[in-house]
Amino acid sequence: MKKVMIGFAVFLGLMLVCTIVSKSIYAYQLPMVTTCSPESKYIEHTVKAEGIVVAGGERPVTYAPGFRIESMPVHVGDRVEEGDELFSLDLEELEELMDKKRSEISKYALQINTILENQELDRQKRELELARAREDYDTTARIEDTQVGRALESYVQAEQEWKEEEELQGGWADGEGDKELQDALQNAAYGEADAKAKRDEAVKQAGRKVEDLLLPEGTKEDLEMARMEKDSLTQELLELEKMKNEEGKVKAPFGGVITEIAAGVGDRVPDTAVMLISDESLPCQLKVLLEKEQKKYIGLGDVLSVKVEGKSKELEKEVDYLAESKNAPDKYEALIMLPEGMGTPGMSGTVSRTETGEKYRLCVPVSAVDITQERSFVYVLKEREGILGDEYYIDEVNVKVLDKNDHWAALEAGGVDQDSNIVLSSTKEMKKGETVRWEQSE
């Protein structure tokens with residue numbers, strides 16, 4: 001029995017050793033990972049870009065849009081002086097446009113004359129109506145006054161008859177009298193009152209009609225609009241005649257070098273600049289091309305740190321011009337005016353700008369986030385019960401990246417929190433659900 005017990009103890013010892021060795025070998029073969037927990041940080045964005053110093057500034061040459069360009073003797077890089085011909089217009093089309101303007105002016109002139117004639121007819125009609133209304137007023141007043149006079153006479157006559165009968169009777173006793181004479185006198189009094197009321201109402205109505213006709217006439221909007229259109233067309237015609245007198249030639253308003261031409265022979269004059277000419281009276285500029293991503297953090301009027309080749313001192317300068325590049329797709333062109341006497345054409349320069357950005361609660365190193373076109377995700381270290389006890393494994397969690405720079409990425413709350421262990425690195429390739437070893441930082 002003693003030997004059996006000793007043998008069994010030896011067996012258990014061997015099993016323990018084998019288990020420890022197996023577990024060690026199993027653990028050794030697992031990937032070793034390092035982790036971090038999300039932190040609260042500001043996501044700063046630093047933009048750096050290189051540029052080149054260009055001579056002077058650029059000033060646009062604009063012209064009335066829509067005209068067809070017949071010839072253009074200049075090219076990009078040509079130097080022009082004030083008064084030199086830049087391009088000429090199609091004179092035949094110019095003449096056609098002038099004829100069209102004349103036709104439109106004639107149409108509005110006819111419309112204005114028609115309106116004025118109608119207004120004169122309306123004025124004559126109004127004067128006639130006013131004269132008739134005044135005549136009606138006088139007639140009404142006279143007729144109604146006559147009716148009031150007649151009613152008054154009837155009342156006086158009835159009153160006289162009452163008095164005469166009273167004298168014949170030697171006076172009326174209280175409450176007594178001739179009923180017929182009394183009724184006649186009363187009716188006469190009513191007739192006079194009704195005649196006066198009728199006269200007042202008739203005269204009032206006739207007077208109001210006169211007042212209505214004396215009110216000032218309202219403004220004629222159609223006449224004013226027609227005059228405005230005619231005046232505008234007349235001014236345009238004068239401009240066209242001036243162009244024709246100059247043989248359709250458009251001349252340089254100032255001297256300089258042509259840096260860009262936006263329209264050519266056969267094109268229409270655009271409603272923006274036809275061409276750009278350098279302005280040598282202005283200081284040099286630093287011209288910088290920005291990527292689309294960089295454009296998010298640099299805007300017109302923003303202050304940049306500027307450094308020009310050969311100058312040790314950095315300057316703080318504003319962005320004077322920013323627009324989509326016409327020569328480089330998906331890029332933007334920025335111009336920064338340099339101080340007078342600083343830089344010469346062809347020199348290189350750099351610009352930079354740092355934007356503090358917003359503060360986010362869940363920020364992790366950008367290397368910990370896998371970002372694809374379809375989604376973004378992180379590997380999170382979790383714990384579970386395994387065949388050899390507690391073990392760590394990898395879970396794949398989809399996340400939404402709110403903002404990022406070259407070092408940090410801000411994540412939306414939900415898939416992870418500040419207690420999550422986000423995998424930073426692994427000694428082997430990882431996949432979801434795989435058991436790993438955790439190298440905890442001290």
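Student: Before we start, what counts as buried, exposed or partly exposed here?
Tutor: Buried means under 20% relative accessible area, exposed means over 50%, and partly exposed lies in between. Keep in mind that this is a predicted model.

Student: OK. Which class does G264 fall in, then?
Tutor: G264 has a relative accessible area of 21%, so it is partly exposed.

Student: Where is G264 placed?
Tutor: It is in the loop between β9 and β10.

Student: And what is G264 in contact with, leaving aside its neighbours within four places in sequence?
Tutor: I69 and M72. There is also a C-alpha separation to note: G264 and R68 are 196 residues apart along the chain, and their C-alpha atoms are 9.4 Å apart.

Student: Zoom out. How many helices and strands are in the chain?
Tutor: Five helices and 24 strands. The chain has 442 residues, and 30% of them count as buried.

Student: What about contacts between residues at least 6 apart in sequence: what share joins residues at least 24 apart?
Tutor: 75% of them.

Student: Let's do α3. How far apart are its end C-alpha atoms?
Tutor: They are 53 Å apart. Helix α3 covers residues 179-214, which is 36 residues, and at 1.5 Å a residue it should span 52 Å, so the two values agree.

Student: Which residues of α3 are buried?
Tutor: L181, L185, A188, E192, A195, V203, A206, G207, V210 and L213.

Student: Why would residues three or four places apart point the same way?
Tutor: Because an α-helix has 3.6 residues a turn.

Student: And what do the buried residues of α3 pack against?
Tutor: They pack against α2, residues 91-169.

Student: How many bridges join β21 and β22?
Tutor: Three, in the antiparallel sense; β22 is residues 408-411. In that pair, K404 stands opposite A409 of β22.

Student: And the sheet of three strands? What order does it have?
Tutor: That open sheet runs β5-β7-β8, again with antiparallel pairing. β5 (69-71) and β8 (249-251) are the edge strands, so named as each pairs on one side only. The twist averages 45° from one strand to the next.

Student: How do β7 and β8 pair?
Tutor: β7, residues 85-89, pairs with β8 in the antiparallel sense over three bridges. F87 stands opposite V250 in β8.

Student: What about β16? How many bridges does it make with β3?
Tutor: Eight, antiparallel, between β3 (residues 45-54) and β16 (residues 348-355). H45 stands opposite E355 there. β16 also pairs in the antiparallel sense with β12, residues 303-308, over four bridges. In that pairing K307 stands opposite T350.

Student: Now the largest pocket. What volume does it have?
Tutor: About 590 Å³. Of its 25 lining residues, the closest to the centre are E58, E260, L276, Y321 and E333.

Student: Which strands supply at least two residues of the lining?
Tutor: β4 (57-61), β9 (256-261), β10 (275-279), β11 (285-291), β14 (321-324) and β15 (331-337).

Student: Where is E247 found?
Tutor: In the loop between α4 (221-245) and β8. Its relative accessible area is 47%, so E247 is partly exposed.

Student: And D330: buried or exposed?
Tutor: Exposed, because its relative accessible area is 53%. D330 is in the loop between β14 and β15. Both of those strands supply lining residues to the largest pocket.

Terms used:
Residues are numbered from 1 along each chain as its sequence is written. This is a predicted model: local features need pLDDT of at least 70, side-chain atom pairs count only at pLDDT 80 or more; totals for chains, interfaces and linings use all residues. Side-chain values use heavy atoms; hydrogens and water are left out. The expected span of a helix is 1.5 Å times one less than its number of residues. Buried means under 20% relative accessible area, exposed over 50%, partly exposed in between (1.4 Å probe, protein chains only). Contact means heavy atoms within 4.5 Å. Two strands pair if DSSP finds at least two bridges between them. On a 1 Å grid over the protein atoms alone, a cavity is a set of points where a 1.4 Å probe fits but cannot get out, and a pocket is an open set with protein on both sides within 12 Å along at least five of seven lines; lining residues have an atom within 4 Å of a point. Grid points are joined across faces, edges and corners, and a volume is the space filled by probe spheres set on the points. Axes are lines fitted to C-alpha atoms, for helices over the stretch in contact, and angles run from 0 to 180 degrees between N-to-C directions.
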